[in-house]
Structures are given as C-alpha cells and as structure tokens.
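Subject: Structure handover

Hello,

Here is the structure I said I would pass on. Please open it alongside this message, as the notes below follow it part by part.

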Amino acid sequence: MAAAEQASSKDKAKDKSQDAATTWHGIVLQTLKRNEIRLVPYVPDRVLTTLIKDLHADPYFTTFPTAREEEAVGIVSGAWMAGMRGAVLMQTSGFATLANVLASLAVPYQIPLIMFVSERGTLGEFNYGQALVCRTMRPVLDSLAMEHHTITRLDELEFIADRSIKQAVTTQAPVALILSPLLTGGKTFDK
Amino acid sequence: MTNTPARNTKVMNRADLTQRLVAGLKDEAVIGGIGNTNFDLWAAGHRPQNFYMLGSMGLAFPIALGVALAQPKRRVFALEGDGSLLMQLGCLSTIATLAPKNLTMVVMDNGIYQITGAQPTPAAGHTDIVAVAIASGLANSSWAADEDDFERLIEQSKQASGPTLIGVRIDDKPGTGTTRRDPVQIRERFMNGMGVRQLL
C-alpha cells in the first residue's frame with residue numbers, strides 16, 4: 001500500500017511538472033518563480049481559479065485576496081520598495097478601477113508593477129457590462145503609455161511573460177499582461 | 001471627528017503628534033498618506049525612511065503592509081487621514097488576516113476633507129473608525145486619549161504580537177509644510193532608506 005501511495009504521489013508530481021510546461025497557469029507560476037516574484041495579491045476571477053489554487057499550495061509564494069485591486073497595487077508597490085517582488089492578479093473589470101493609482105503611484109514613482117489581467121468582455125462575452133468595461137482597458141493603458149501585451153498563444157506565453165517581467169524591473173516601468181480567452185478558454189455562458 | 005457620547009478623547013494636532021512620533025524614531029519606515037498627513041511628516045524633518053504619497057488616496061496602509069511583509073524585522077508606521085481610510089476600508093480586513101506584528105497604523109481623524117475646503121466626511125459624527133478596525137479583526141485598535149497616551153500606544157505597538165491601529169482626534173488645521181513633489185526622488189531615497197539600494 002505504501003508503494004501504491006508512493007506511485008500515486010509520483011504520478012501527481014509528474015502531473016504537476018507536465019502542468020508547468022503545458023498549461024497556461026503552470027507556465028505563469030513557473031515564470032513568476034523564475035523571476036523571484038513571491039508576493040501575489042489578487043482579486044479573484046473564475047479563469048484564474050487554478051492558478052490561484054496552485055499559488056496557495058506552493059510555499060514559495062505569499063498569496064492572498066484583497067478587497068480591491070488598488071489595495072493590491074499599493075501592497076506590491078510597498079513591497080517592491082522594500083526589496084520584495086510582487087505581481088497582481090485581476091479581471092478586466094478590476095483593472096478598470098485602477099486609473100488613479102496607475103497615474104499617481106505606479107507610473108510617476110517608476111514602480112515595476114506587474115499585472116496579470118484575465119480578459120473578460122470579448123470572444124464570447126455574455127454580460128454587456130463586461131463587454132463595455134473591457135473596451136476601457138487598452139485606452140487607459142495607452143493613455144499612460146504603459147507597456148501591455150495581450151497573450152493569445154500558449155507557445156508565446158513564457159517568452160512574453162518572462163521578457164516583460166524582466167523589462168518592467170530593469171526599466172522600472174509597470175506592465176499589464178492581458179490573458180486572452182484564446183489562451184485561457186475564458187468564461188462562457190454555459191459554464 | 002466622531003463625537004459619540006462615550007468618547008472622551010482630546011482633540012489634538014496632526015503636526016504635533018507627527019513630531020512626537022518622528023522624534024522617537026531610528027530606522028523605522030513611515031508611510032505618509034496623501035495631503036496634510038505627509039505634509040506634516042515632511043515638516044517634522046525629512047528622513048530617507050519616509051515615503052510620501054502624492055496621490056493614490058487611501059493606499060498608505062496597503063503600501064505600509066507591503067513594506068512590512070518585505071521587511072518583517074523593521075517596524076513600519078503608516079499615517080493616514082480618516083477620509084483617505086474611508087476610501088479603502090477593506091484593507092483593514094486584509095491587514096487583520098495577514099497580521100504583520102511590525103505594522104503600526106495611525107488614523108488622523110478630523111471628520112473633514114480639510115485640504116479640499118473642510119467639507120465633512122460621510123462618516124463625521126456617525127462612524128467610529130476604531131470600532132470599524134476592531135470589527136475588521138484588528139484587535140489592537142484604540143483611541144489615544146491625549147498626547148501622552150498617543151506616545152504610550154506607539155511604544156506599546158513595538159512589542160505587540162499583531163498589527164496596531166491608533167485613532168487620534170485632531171483639529172481642523174492644515175498641514176505645516178509642503179512635501180517636495182518629486183516622486184522618483186522620494187521613491188529612490190526611500191529604497192535607500194530601506195537598505196534596498198545605494199543612491200547614485
């Protein structure tokens with residue numbers, strides 16, 4: 001029985017390592033780790049569920065929910081200035097609450113704020129409010145001349161995420177990595 | 001300013017309390033919230049361990065939480081106005097959950113948005129911010145009765161087993177200085193003060 005347990009835990013470990021290479025959430029988690037990003041506050045989103053669960057399960061990360069996305073931006077900004085790297089996870093509608101803190105904290109203080117935004121509002125959206133708020137996201141990013149990428153393909157995810165994190169840190173500038181439904185599957189009406 | 005009948009706290013002055021806090025500091029971090037709160041921190045004498053917010057109203061406590069998590073051995077003070085805290089009350093729950101024992105929060109409560117023309121906040125006269133903090137799970141939350149009590153609570157917070165919140169009733173006076181509004185220098189000097197990097 002012990003052997004069976006061992007075998008099954010080996011299988012699980014194998015599953016995990018396969019996850020790391022073949023799923024978008026596995027790649028994001030490994031990319032965060034490789035870039036020494038330990039602090040990951042978030043406001044949840046259905047699409048982010050597995051990533052959030054895996055971050056909680058990994059003792060490398062300090063991950064927790066915040067009441068608002070602004071709060072998470074403040075936390076990772078403070079942590080960065082005190083020597084600890086962080087990233088914020090959120091949904092499109094959460095990004096829409098951030099214009100003031102991007103314009104008055106992250107951008108002018110030159111803080112490498114790293115944001116992963118799960119994209120709602122497009123490619124099969126069923127809630128008109130989500131579709132509308134999604135349209136505000138890129139104009140806000142562009143109006144502040146902020147770096148942003150929309151990630152649609154699994155084979156490009158690691159390159160874009162890893163390079164963008166490194167660029168944010170070295171140029172001391174925020175970045176938004178938008179996780180398209182083409183990458184994540186998104187959230188659909190029948191789910 | 002909450003004037004519930006049970007309250008018996010002295011109305012103090014922000015600049016005076018800030019000077020009392022700063023006078024006793026060594027290498028502790030201090031995060032000053034938007035407006036008068038950081039103006040009085042600046043006026044108390046600039047130190048590289050001070051961070052001054054020039055916007056992002058309501059984020060003094062979240063920024064301080066980030067510093068406290070990154071450097072658990074350093075005491076972190078956060079100074080915030082009542083109007084600012086009202087914008088981000090949810091952060092009290094986050095801080096109660098993470099419970100960093102090296103974090104001391106001070107709420108400067110005058111019940112008004114002094115800097116925009118002294119309009120009353122929606123909480124003025126009705127909401128007890130310390131009671132809100134306690135209900136959010138921050139058990140070490142109390143009103144300072146007077147200046148001596150404020151200094152005692154600050155000292156006590158340094159030995160606390162969890163985060164501390166101190167409410168102070170203050171008058172309607174404006175800030176006594178003007179922070180130099182240079183965000184990059186503020187951040188760079190703060191990072192130097194935190195021992196994260198050398199100045200150029």
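Two strands are said to pair if DSSP finds at least two bridges between them. Keep in mind throughout that this is a predicted model.

Start with chain B. Strand S1 of chain B, residues 29–32, is joined to S2(B) by three bridges, and the two strands run parallel. One place to look is B:Ile31, whose bridge partner in S2(B) is B:Phe51.

This pair belongs to an open sheet of six strands in chain B, in the order S2-S1-S3-S4-S8-S7, with parallel pairing. The edges of the sheet are strand S2 (50–52) and strand S7 (140–143) of chain B, each of which pairs on one side only. On average, neighbouring strands in this sheet are turned by 15 degrees against each other, direction ignored. Helix H7 of chain B, residues 147–157, packs on the sheet and touches strand S4 (103–109), S7 and strand S8 (164–169) of chain B. The direction of H7(B) makes about 170 degrees with that of S8(B).

Now chain A. Chain A has nine helices and seven strands. Of its 191 residues, 44% are buried. If you take the contacts in chain A between residues at least 6 apart in sequence, 73% of them join residues at least 24 apart.

Two helices of chain A are worth a look together. Packed helices in general are described by the angle between their axes and the distance between the axes. For helix H2 (residues 24–34) and helix H8 (residues 154–171) of chain A, the axes come within 10 Å and cross at roughly 25 degrees. Angles under 35 degrees count as roughly parallel, and H2(A) and H8(A) are therefore roughly parallel to each other. The crossing of H2(A) past H8(A) is right-handed. On the H2(A) side the contact is made by A:Trp24, A:Ile27, A:Val28, A:Thr31 and A:Arg34. H8(A) contributes A:Leu154, A:Leu157, A:Glu158, A:Ala161, A:Asp162 and A:Ile165. By class, the residues of this contact are seven nonpolar, one polar and three charged.

Last, where the chains meet. In the model, 25 residues of chain A are in contact with 28 residues of chain B. On the chain A side, strand S2 (62–65), helix H4 (69–81) and helix H6 (99–106) each supply at least two residues. H4(A) gives the largest share of that side, nine residues. The side of chain A that touches chain B has 13 nonpolar, nine polar and three charged residues.

Regards

Notes. Residues are numbered from 1 along each chain as its sequence is written. Chains are lettered from A and ligands numbered from 1 in the order in which they are written. This is a predicted model: local features need pLDDT of at least 70, side-chain atom pairs count only at pLDDT 80 or more; totals for chains, interfaces and linings use all residues. Helices (H or I, at least four residues) and strands (E, at least two) are DSSP runs, numbered from the N terminus. Axes are lines fitted to C-alpha atoms, for helices over the stretch in contact, and angles run from 0 to 180 degrees between N-to-C directions. Two residues are in contact if their C-beta atoms, placed from the backbone, lie within 7 Å. A residue is buried if 20 or more other C-beta atoms lie within 10 Å of its own, exposed if 12 or fewer, and partly exposed in between; C-beta atoms are placed from the backbone. Ala, Val, Leu, Ile, Met, Phe, Trp, Tyr, Cys and Pro count as nonpolar, Asp, Glu, Lys and Arg as charged, and the others, Gly among them, as polar. Angles under 35 degrees count as roughly parallel, over 145 as roughly antiparallel, 65 to 115 as roughly perpendicular and the rest as oblique. A crossing is left-handed if the near helix is turned anticlockwise from the far one by less than a right angle, and right-handed if clockwise.
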